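I set down what I looked up, in the order in which I looked.

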Amino acid sequence: MLTTGPVAAPSPPAQLRATLASAIRAYDNCEYAKLATVLPQLITNAHATDSTTDTVLAETYTLVTRLMIKLDDQLGWIAADRARFLAAANGDPLVAGEAARNLAVLARRAGWHSEAGQIAIGMAESDMLQGRDPARAAERGLLVMSAAYTAAHAADRSGMRELTNQAARLANRLGGRVLLRDHGGGFSPTAVQLHRISAEYVAGDPAAAIAAARKTPPRALPTVERRARYFTDIARAYGMWGRRDQCLEALLHAERAAPQETHARPAVRDLVTGLLTSGRTSPDLRGLAARCGIR
């Protein structure tokens, strides 16, 4: 997916931007099979075009990173490094912010919690993201949320809640969802509440995670990908809590919302495998396992 392939003829910048927008919509709709076709061609075409399209290329590698974070961390590092390099060369603060946020996610997943927090907070506090521009403020909010999730992984529950509340205050001041070019879910109070579900169960409090979920109706979430994450996070919280039936029910909701997302994600497959091996099974569970390719 990350190779540039054969040399392509230069494409008009407007065409590249339209293709990237279509790819972002496919990601938001969890249409990953479509992305497997679109992204390599988009990378090839963007590389063949002059330097005025560096933003498109950087955003494309950022999108690849987001996809690989779900599927393959090693490829994610490659894409994130390319996005970071191109964002620095271009100087676009929002592209640089997203590149930094994805690097922080990968560092966290590697267990480098201190470094991940520093990357996210350092970019949030950088001069390039300051000012009254709502988009820059929204990017700061996403970075603070990333740092909060890292604090949860580091078992710093109070730090996680402090940072999450900071992001919530920023979202409330913005007064509604702020869309970002390469982040279809945008930044809003609902986005912060969705993040809170994840952060609470990671910090070891599944009851708090479920309480946060009950305040977040799934119909309020702006994309299929966000709704799938919502149900997957609920499933993981119930799994941690030992509530197998509710865990399976949430997984089935996630599958109905986004089958490609649910069947492909290693985290979901691990959860399904745990349910299969830790207690009684049911036709629904065995059926989900089969659709996930678990035998």
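**Entry 1: a pair of charged residues.** I looked up Glu-261 and Lys-70 and found that both are buried; I take buried as under 20% relative accessible area, exposed as over 50%, and partly exposed as in between, with a 1.4 Å probe and protein chains only. Glu-261 and Lys-70 form a salt bridge, with 3.1 Å between the closest N and O atoms. By salt bridge I mean a side-chain nitrogen of Lys or Arg within 4 Å of a carboxyl oxygen of Asp or Glu. The pair joins distant parts of the chain, since Glu-261 sits in helix H13 (residues 259–264) and Lys-70 in helix H3 (residues 54–71), 191 residues apart. Helices are DSSP runs (H or I, at least four residues), numbered from the N terminus.

**Entry 2: basis of the values.** I note that this is a predicted model, in which local features need pLDDT of at least 70 and side-chain atom pairs count only at pLDDT 80 or more, while totals for chains, interfaces and linings use all residues. Residues are numbered from 1 along each chain as its sequence is written, and side-chain values use heavy atoms, with hydrogens and water left out.

**Entry 3: further salt bridges.** How many salt bridges does a search of the whole structure find? I recorded 14. One network of salt bridges links Lys-70, Glu-225, Arg-226, Glu-261 and Arg-265.

I then looked up Asp-73 and Arg-109, which form a salt bridge with the closest N and O atoms 3.0 Å apart. This pair also links distant parts of the chain: Asp-73 belongs to helix H4 (residues 73–90) and Arg-109 to helix H5 (residues 93–109), 36 residues apart. Asp-73 is partly exposed, at 23% relative accessible area, and Arg-109 is partly exposed at 42%.

In the salt bridge of Arg-229 with Asp-233, the N to O distance is 3.5 Å. Both residues lie in helix H11 (residues 224–241), 4 residues apart, or about one turn of the helix. Arg-229 and Asp-233 are both buried.

**Entry 4: Glu-200.** Is Glu-200 buried or exposed? I found a relative accessible area of 5%, so Glu-200 counts as buried. Glu-200 is part of helix H9 (residues 189–202). Not counting residues up to four places away in sequence, Glu-200 touches Met-160, Arg-161, Asp-205, Ala-208 and Ala-209; contact here means heavy atoms within 4.5 Å.

**Entry 5: Thr-281.** I located Thr-281 in the loop between helix H14 (266–278) and helix H15 (283–291). Thr-281 has a relative accessible area of 33% and is therefore partly exposed. With residues up to four places away in sequence set aside, Thr-281 touches Leu-276 and Arg-286.

**Entry 6: nonpolar cores.** A nonpolar core is a set of buried Ala, Val, Leu, Ile, Met, Phe, Trp, Tyr and Cys residues joined through side-chain atoms within 4.5 Å. The largest has 56 residues, and those touching the most other members include Leu-35, Tyr-61, Phe-187 and Val-192. Helix H7 (residues 134–153) gives the largest share of this core, 9 residues. A second, separate core has 35 residues, among them Met-160, Leu-251, Val-268 and Val-272.

How values were computed. Helices (H or I, at least four residues) and strands (E, at least two) are DSSP runs, numbered from the N terminus.
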